[in-house]
Amino acid sequence: MAQRKRGKSLKNWQSNQPQPTQGKLRIVGGTFRGRQITYSGELVTRPMKDNIREALFNLVGGWVKGKAVFDLFAGTGVIGLESVSRGAVSATMVERHFPTVKIIEENIASLGENLNANVHASDTFFWVRQFAKLPPDQRPADPWMVFCCPPYDFFVQRTEDVVAMLECMIQLAPQNSIFIVESDKRFDHEQLPQSDAW
């Protein structure tokens, strides 16, 4: 009897919790400007608002054309898709939340059959270690643009992992590659690998 009550109580508690609702994001520049993509509404994805993304690409968008883009901790995948819209030769997105990966795949398909974009369902730290094991000819030869926007707590709780991952990607990247790292104020950017070059 007690177990049944606990089950009912848990069910009632779950039904009172806010449920994620799907939302829409707009691609703000390039070939797909104005096109909308879907995101899950899950708290594990932190969509960058249109105006913030526009400001970001106002800073770095001039260099994205011809780059192979990596969107680490991709979340909604909108950074990778925005990059392809603005002339990136490819976009590789890494996201560990499987329902979100499915939505990103649907968004890629909605933008065109020949879109050179893909998403990997994986923990980003693990994916980078596996990517580093690939022969050089299996990695993009074009200069890279790497976006790294993990959950901000990772900069505090997993500082060594974040720094090691970035160091690995920097060592692998071709000449003229660009790295963009988003963090909050708790992370000291002096801890970035080769910080004097940033």
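This is a short walk through the fold of one protein chain, from its overall make-up to a few single residues. Before we start, please keep in mind that the model is predicted.

Let's begin with the whole chain. It has 198 residues, and 44% of them are buried. The secondary structure comes to 7 helices and 7 strands. If you trace the elements from the N terminus on, you read α-β-β-α-β-α-β-α-β-α-β-α-α-β. As for contacts between residues at least 6 apart in sequence, 65% of them join residues at least 24 apart.

Next comes a sheet of 5 strands. In what order do the strands of this open sheet run? The order is S5-S4-S3-S6-S7, and the pairing is parallel. At the edges sit strand S5, 117–121, and strand S7, 178–181, each of which pairs on one side only. Neighbouring strands here are turned against each other by 15° on average, ignoring direction. Take S7 and its partner: strand S6, residues 144–148, pairs with S7 in the parallel sense over 4 bridges. Val146, for one, has Phe179 in S7 as its bridge partner.

Two helices to point out on this sheet are H3 and H5. Helix H3 lies across S3, S4, S5 and S6, and runs at about 180° to S4. Helix H5 lies across S3, S4, S5 and S6 as well, running at about 145° to S3.

Stay with H5 for a moment, please, and bring in H7. The axes of H5, residues 124–132, and H7, residues 159–172, come within 10 Å and cross at roughly 30°. The two helices are therefore roughly parallel to each other, since angles under 35 degrees count as such. Their crossing is left-handed. Which residues of H5 make the contact? They are Thr124, Phe125, Val128, Phe131 and Ala132. From H7 come Asp161, Val162, Met165, Cys168, Met169 and Leu172. By type, the residues of this contact divide into 9 nonpolar, 1 polar and 1 charged.

I'd like to finish with two single residues. Thr92 sits in strand S4. Is Thr92 buried or exposed? It counts as buried because its relative accessibility is 11% and the cut-off is under 20%. Leaving out residues up to four places away in sequence, Thr92 touches Val69, Phe70, Asp71, Asn118, His120 and Trp127.

My other pick is Ala74, in the loop between strand S3, 68–72, and helix H3, 78–85. Ala74 is buried too, with a relative accessible area of 8%. Setting aside neighbours within four places in sequence, Ala74 is in contact with Met93, Val94 and Glu95. And where does Pro150 come in? Ala74 and Pro150 are 76 residues apart along the chain, yet their C-alpha atoms are separated by 8.3 Å.

That's my tour, and I'm happy to go back to any part of it.

Notes
Residues numbered from 1 in each chain as written. Predicted model: local features only at pLDDT ≥ 70, side-chain atom pairs only at ≥ 80, totals over all residues. Heavy atoms only, no water. Axes fitted to C-alpha atoms, helices over the stretch in contact; angles between N-to-C directions. Parallel < 35°, antiparallel > 145°, perpendicular 65-115°, else oblique. Left-handed = near helix turned anticlockwise from the far one by under 90°. Contact = heavy atoms within 4.5 Å. Nonpolar A, V, L, I, M, F, W, Y, C, P; charged D, E, K, R; others polar. Buried < 20%, exposed > 50% of the residue type's maximum accessible area, 1.4 Å probe, protein only. Pairing = 2+ DSSP bridges.
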